[in-house]
Amino acid sequence: VWPDSASPIHPVAAATGWGSPGVLAGLAALVLVMAVCRWAWRRRVAPWVLASTLTLGTLLVLAPWSRFAMGFDDVAGPLYDRYLYAMAAVPGVILGTLLGRFLDPAPWRALVAVALCAVALGPATARRAQMWASEEAFARAGLAVAPGSANMWTQLGSAQLERLRTLGDASAGAAAVESFDQALALDARHRFAGLNRFITLAILRREPQARAAAEALLAQRGADPGVLHNVAGWHASRGRFDAAAQLYERELMSGSALPGAA
């Protein structure tokens with residue numbers, strides 16, 4: 001009703017007065033939902049109670065004063081519609097209640113109606129669910145709405161890196177390097193893009209590029225236990241045990257060493 005500064009999950013301008021866009025409309029909608037909720041509770045009509053409380057509860061969860069985990073801020077609005085999943089049941093509850101009055105005398109009619117709804121909604125539901133089919137599908141869906149998101153490019157690269165690790169797919173590794181390069185072009189100090197790019201290059205055995213990436217990581221984040229651990233492991237895998245031992249020692253001295261460092 002009275003939005004604070006815009007956020008990815010609530011991308012509207014801050015309200016400065018009752019004449020601000022959406023304030024009166026939001027208030028009217030909230031009052032209407034509360035009135036329907038009160039009416040349903042007084043009438044003890046179970047479907048209407050369910051529909052109205054699901055709607056009111058979702059509105060309160062997404063209210064400006066609420067704070068909840070939403071993943072990557074830059075794509076929360078377009079992708080995190082999971083917060084609307086409960087309220088998405090409301091139209092079905094209402095439609096089912098209305099149809100029930102007309103179809104109750106003939107159960108076969110209800111079965112036909114359910115089948116028609118499934119045929120109509122099934123393909124649309126499958127398309128909407130596709131973005132959650134895999135980590136890579138999720139990342140590509142995010143990039144479709146936020147192509148300038150370093151987080152989403154890193155997410156895509158991480159999914160491709162996992163394919164390289166589990167399937168040995170060298171083409172996925174090459175694609176991962178490109179994705180991490182895109183992320184670093186947008187945010188040169190991204191927390192995971194640089195490290196994952198180095199790991200990918202190491203797995204692909206692109207030694208000159210991996211060495212340059214390792215040196216850049218140590219210069220940029222030489223106190224990060226994750227960086228020290230992974231670069232040390234790379235040195236050890238190549239038989240450079242003195243260099244590996246020195247980095248593991250630095251990692252242990254940081255006080256936040258990863259398991260296995262000692």
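Me: What counts as a salt bridge here, and how many are there?
Reply: A salt bridge is a side-chain nitrogen of Lys or Arg within 4 Å of a carboxyl oxygen of Asp or Glu. The model is predicted: local features need pLDDT of at least 70, side-chain atom pairs count only at pLDDT 80 or more, and totals for chains, interfaces and linings use all residues. Residues are numbered from 1 along each chain as its sequence is written, and side-chain values use heavy atoms, without hydrogens and water. By this rule the count is 6.

Me: Which residue forms a salt bridge with Arg-197?
Reply: The closest N and O atoms of this pair are 2.6 Å apart. The pair links distant parts of the chain, helix H9 (residues 193-204) and helix H8 (residues 170-186), 16 residues apart. Helices are DSSP runs of H or I, at least four residues, numbered from the N terminus. The partner is Asp-181.

Me: Is Arg-197 buried or exposed?
Reply: Buried means under 20% relative accessible area, exposed over 50%, partly exposed in between (1.4 Å probe, protein chains only). Arg-197 has a relative accessible area of 18%. Arg-197 is therefore buried.

Me: Which helix holds both Glu-136 and Arg-140?
Reply: These two form a salt bridge, with the closest N and O atoms 3.1 Å apart. They sit 4 residues apart, about one turn of the helix. The helix is H6 (residues 135-145).

Me: How many residues apart in sequence are the parts that Arg-163 and Glu-136 tie together?
Reply: Arg-163 forms a salt bridge with Glu-136, the closest N and O atoms lying 3.0 Å apart. Arg-163 is in helix H7 (residues 150-167) and Glu-136 in helix H6, so the pair ties together parts separated in sequence by 27 residues.

Terms used: Helices (H or I, at least four residues) and strands (E, at least two) are DSSP runs, numbered from the N terminus.
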